[in-house]
Amino acid sequence: MERYWKVGDLAKLTGLTVRTLRFYDQIGLFSPSGQTESGHRLYSESDMSRLQQIVSLKELGLSLEEVKSVLNDKQFSPLEIVNLQMSRIKEQIKLQQTLLDLLQHVSKSMQGKEPLAVEDFTELLQAMKKSHEKLVIERRTSWEQRLNLLGNFLAEEEEDSKSKED
């Protein structure tokens, strides 16, 4: 027998807000499988799987429109989405581990009152920069995508208003 969750229960289980789940439904990204007689949304186990894919793709930096397109066109299987997310996390762990190793080296040298070589600082600064740059690039890409969508929307609105004037 399949289990179902109301929107509030699903929100508690997943850590997402009810508002987010309702918004996903409103834009056609994530809709419930059913409803109670009184109209409450009911989400199934297969809905939970789709929600996991949505969250994973968002964490990979895709916009909601891109997530919707990927899922609707079945560009990636659920397993491929999980594997993509694991690859990204492994890359982040590797960057953070390198930074941690360098910080521990510098800390040990400082505790032992050993003089630090210029190379120690430059390696540390490069690792910090690499970690920071990755984050900045991801944020910039996300903002560029959002600004492009906004620009397209505004251009369409302008075209619509011009055609109405004609």
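This is a predicted model: local features need pLDDT of at least 70, side-chain atom pairs count only at pLDDT 80 or more; totals for chains, interfaces and linings use all residues.
Local features need pLDDT of at least 70, side-chain atom pairs count only at pLDDT 80 or more, and totals for chains, interfaces and linings use all residues. Residues are numbered from 1 along each chain as its sequence is written, and side-chain values use heavy atoms, leaving out hydrogens and water.

Start with helix α1 (residues 7–14) and α2. Helices are DSSP runs (H or I, at least four residues), and strands are runs of E (at least two), numbered from the N terminus. The axes of α1 and α2 lie 9 Å apart, at an angle of about 115 degrees. The two are therefore roughly perpendicular (65 to 115 degrees). Val7, Gly8, Leu10 and Ala11 of α1 meet Val18, Leu21 and Arg22 of α2 (contact: heavy atoms within 4.5 Å). Five of these residues are nonpolar, one is polar and one is charged.

Now turn to helix α3 (residues 45–59) and helix α4 (residues 64–72). Their axes come within 10 Å and cross at roughly 130 degrees. The α3 side of the contact includes Ile54 and Leu57; the α4 side includes Val67 and Leu71.

Finally, the whole structure holds one salt bridge (a side-chain nitrogen of Lys or Arg within 4 Å of a carboxyl oxygen of Asp or Glu). It joins aspartate 25 to arginine 41, with the closest N and O atoms 3.0 Å apart. Aspartate 25 sits in helix α2 (residues 18–26), and arginine 41 in strand β3 (residues 41–44), 16 residues apart.

Conventions
Axes are lines fitted to C-alpha atoms, for helices over the stretch in contact, and angles run from 0 to 180 degrees between N-to-C directions. Angles under 35 degrees count as roughly parallel, over 145 as roughly antiparallel, 65 to 115 as roughly perpendicular and the rest as oblique. Ala, Val, Leu, Ile, Met, Phe, Trp, Tyr, Cys and Pro count as nonpolar, Asp, Glu, Lys and Arg as charged, and the others, Gly among them, as polar.
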